[in-house]
Each structure stands twice: as C-alpha cells, then as structure tokens.
Amino acid sequence: MYKKLIVDADICIKLGSSKKYPFLKMPESACRQLEDLVFDKKIIVVNEKGLEPQERRIYDMIYNRLAEVLIDPRRPNKNKGEVCSLAYAKVKTITVFATDERDLQSIIDTQLNIGLNDIRCIRIIDIINLGER
C-alpha cells in the first residue's frame with residue numbers, strides 16, 4: 001500500500017461508473033464511499049489554496065511548465081486537473097499519482113522527474129493488479 005498518493009478526480013468518476021471494471025464500485029455508491037473515506041480521514045481533499053507562500057510560488061512555476069505541454073488553449077479545461085494535481089504532488093513530495101491518462105508518465109519523466117522525489121503514475125489496471133497479489 002501507499003502511504004501518500006494523489007488521485008485524479010477522473011479516476012474516481014471512472015471507479016464509480018466503469019463498464020470495463022464494474023466490480024470496483026457501483027455508480028450510486030461511489031460518491032457515498034468517497035465521502036466515507038473523507039470522513040474517516042483516509043482521503044484528504046487538497047488544493048493549491050492551502051499552500052504556504054513559498055510552496056505556492058513553486059507550484060505556480062511547475063503548473064506553468066506543465067500547462068505549456070498538457071493544456072491546449074483551444075480546450076483550456078482539458079488536462080487542467082492533471083496539471084494542478086501534478087504541481088501539487090511535486091510541491092508536497094507525493095510520489096504516486098493515480099490517473100486514467102495513458103501516456104502521462106513520459107511527460108512527467110521529461111518535465112518533472114529529475115531523480116529526486118520522482119512521480120510515478122499508477123492507473124486503474126495497476127490498482128486492480130495490486131489487489132490481486
């Protein structure tokens with residue numbers, strides 16, 4: 001198990017409504033299950049507003065660097081969540097990012113990973129495989 005990981009919101013949505021993996025969670029209960037995890041303090045909802053000023057400056061630098069590569073100006077909300085999550089993860093040295101994006105690891109490797117607190121992506125299939133071990 002992981003001590004800390006950051007989870008992309010899209011993965012939560014897919015866990016709740018996946019036709020490919022319907023055994024993970026039923027859609028009507030996904031929201032309640034997430035609320036229970038927050039209530040039990042197993043999940044903490046975070047965002048950049050809670051960062052200290054120095055952390056926020058670093059976050060903004062990382063965000064801008066990733067946005068250049070991941071955000072298409074014609075679709076500014078596409079991948080914005082991933083950019084926010086990755087910038088936050090890097091600032092807070094959270095080294096695991098749960099995502100549904102297939103090709104994100106190579107971008108992280110070229111844009112963020114320098115050999116110190118490198119971020120590794122895990123996908124839904126990786127989580128399933130962990131549970132089967």
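In the protein chain of this predicted model, confidence is lowest in helix H1 (residues 9–17), with a mean of 63, and highest in helix H3, with a mean of 96. Confidence is given as pLDDT, the predictor's value for each residue from 0 to 100. The chain has a mean pLDDT of 83, and 80% of its residues reach 70 or more. Where pLDDT is low, the predicted coordinates should not be read in detail. Local features accordingly need pLDDT of at least 70 and side-chain atom pairs count only at pLDDT 80 or more, while totals for chains, interfaces and linings use all residues. Residues are numbered from 1 along each chain as its sequence is written, and side-chain values use heavy atoms, with hydrogens and water left out.

The protein chain has six helices and three strands, taken as DSSP runs numbered from the N terminus (helices H or I, at least four residues; strands E, at least two). Along the sequence they follow the pattern β-α-α-α-α-β-α-β-α. Of the 133 residues, 33% count as buried (under 20% relative accessible area, with exposed over 50% and partly exposed in between; 1.4 Å probe, protein chains only). Among contacts (heavy atoms within 4.5 Å) between residues at least 6 apart in sequence, 56% join residues at least 24 apart.

The three strands form an open sheet in the order E1-E2-E3, with parallel pairing. Strand E1 (6–7) and strand E3 (120–122) stand at the edges with a single partner strand each, so one side of each has no neighbour in the sheet. Two strands are taken to pair if DSSP finds at least two bridges between them. E1 pairs with strand E2 (residues 96–98) in the parallel sense over two bridges, and Ile6 has Phe97 of E2 as its bridge partner.

Helix H3 (residues 53–70) has 18 residues and should span 26 Å at 1.5 Å a residue, which agrees with the 25 Å between its end C-alpha atoms; the expected span is 1.5 Å times one less than the number of residues. The buried residues of H3 are Tyr59, Ile62, Tyr63, Leu66, Ala67 and Leu70. They cover an arc of only 140 degrees around the axis, which puts them on the same side of H3; the arc is that of the directions from the helix axis to the C-beta atoms. Pro53, Met61 and Glu68 are exposed on the other side of H3. The cover over the buried residues of H3 includes helix H4 (80–91) and helix H5 (104–111).
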